[in-house]
Amino acid sequence: PVGVARYRSKFTAVIIGLGVVVAALEGMGLGFILPIIQVTQGNADASGGLVGLFASVYEFLGVPFTLQYIIIGVGSILSVRYTCAFIIDWLTAKLQMDYVRHLRTEALKNALDSRISYFDTKGSDEMLNAIITQTQYAGNTIRKVRRIIELSLISLAYLLVAFALAPILMLVSVVVLGGFMYGIRHVLESGFSIGSKVAIANERVQESVQAGMQGIRDVKAFNLHTELFSDFR
């Protein structure tokens, strides 16, 4: 398919940029946990560390570093974060629809300009499936790629906050989770391998049913019911 970034580069740049903003705001909102706990317990040390960083920001803005204003800060950051997430979803949907429209237009234009022999070789059903169904799947790829980028950035923000709060615990968690992921992907059967088996099975089921329905006259004429149904099972 036509390159998405080349076709709608400005939307792609805005989506990625807002994704970075969302991840940063997510990390800031999560980072407020420590100041809230320390202020609530009455042992907040604003001289250094993460709490000191938040305290210096509040001092720069001229806002008292108290529990009430800390909670207001969390609410404000989360409000902006979810507003940006809504804008990302809207831009992604627009990019997806524009991309599908572009692919369908080009595919139909090329199909109408092609020779009849090409239809005889490929079949009209396959051409129709390519124009309507496959272009829709191509559009869904945009949303999935955007989701992967967003989750990766948010995960990075969580890791940075966890490292600032409890570096040893974070490293232990990374090792444990990494071990689980390695075991699932390499010790057990990978999702790609299982997905390939399912795809092949679905293809064989499709071929068996299609042979029975489109060749029903031959099936009845040569009494192939048992063999066909056995292949299907």
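**Chat about a helical chain**

Me: Let's start with S208. Buried or exposed?

Reply: S208 counts as buried, because its relative accessibility is 11% and the cut-off for buried is under 20%. Keep in mind that this is a predicted model.

Me: Where does S208 sit?

Reply: In helix α9, which covers residues 191-214.

Me: And which residues does S208 touch, leaving aside neighbours within four places in sequence?

Reply: S208 is in contact with L228, D231 and F232.

Me: Back up a bit. What is the whole chain made of?

Reply: Helices. The chain has 11 of them and zero strands. Read along the sequence, the pattern is α-α-α-α-α-α-α-α-α-α-α.

Me: How much of the chain is buried?

Reply: Of its 233 residues, 23% count as buried.

Me: What about the accessible surface?

Reply: The accessible surface comes to about 16300 Å². Carbon and sulfur atoms hold 66% of that.

Me: What share of the contacts with a separation of 6 or more is between residues 24 or more positions apart?

Reply: Such pairs account for 69% of those contacts.

Me: Next, C84. Which helix is C84 in?

Reply: Helix α5, residues 67-113.

Me: Why does C84 count as buried?

Reply: Because C84 has 11% relative accessibility, and buried means under 20%.

Me: What does C84 contact, again leaving aside neighbours within four places?

Reply: L18, V21 and V22. There is also a distance to G19: C84 and G19 are 65 residues apart in sequence, and their C-alpha atoms are 8.1 Å apart in space.

Me: New topic. How many cavities of 30 Å³ or more are there?

Reply: One. The largest cavity has a volume of about 40 Å³.

Me: What lines the largest cavity?

Reply: I15, I16, G19, I88, R146, I149, E150 and L153. The elements giving two or more residues to that lining are α2 (9-31) and α7 (124-165).

Me: Which element gives the most?

Reply: α7 does, with four residues. G19, the residue 8.1 Å from C84 by C-alpha, is part of the lining too.

Me: Now the outside. Which residues form the nonpolar patch on the surface?

Reply: I168, V172, V176, L177, F180, Y182, I184, V187 and L188. Together they have about 990 Å² of accessible area.

Key:
Residues are numbered from 1 along each chain as its sequence is written. This is a predicted model: local features need pLDDT of at least 70, side-chain atom pairs count only at pLDDT 80 or more; totals for chains, interfaces and linings use all residues. Side-chain values use heavy atoms; hydrogens and water are left out. Patches are made of residues with over 30% relative accessible area and no salt bridge: like charges are joined within 9 Å, nonpolar side chains (Val, Leu, Ile, Met, Phe, Trp, Tyr) within 5 Å. Accessible areas come from the Shrake-Rupley method with a 1.4 Å probe; for residues, only the protein chains shown count as cover. A salt bridge is a side-chain nitrogen of Lys or Arg within 4 Å of a carboxyl oxygen of Asp or Glu. Buried means under 20% relative accessible area, exposed over 50%, partly exposed in between (1.4 Å probe, protein chains only). Contact means heavy atoms within 4.5 Å. On a 1 Å grid over the protein atoms alone, a cavity is a set of points where a 1.4 Å probe fits but cannot get out, and a pocket is an open set with protein on both sides within 12 Å along at least five of seven lines; lining residues have an atom within 4 Å of a point. Grid points are joined across faces, edges and corners, and a volume is the space filled by probe spheres set on the points.
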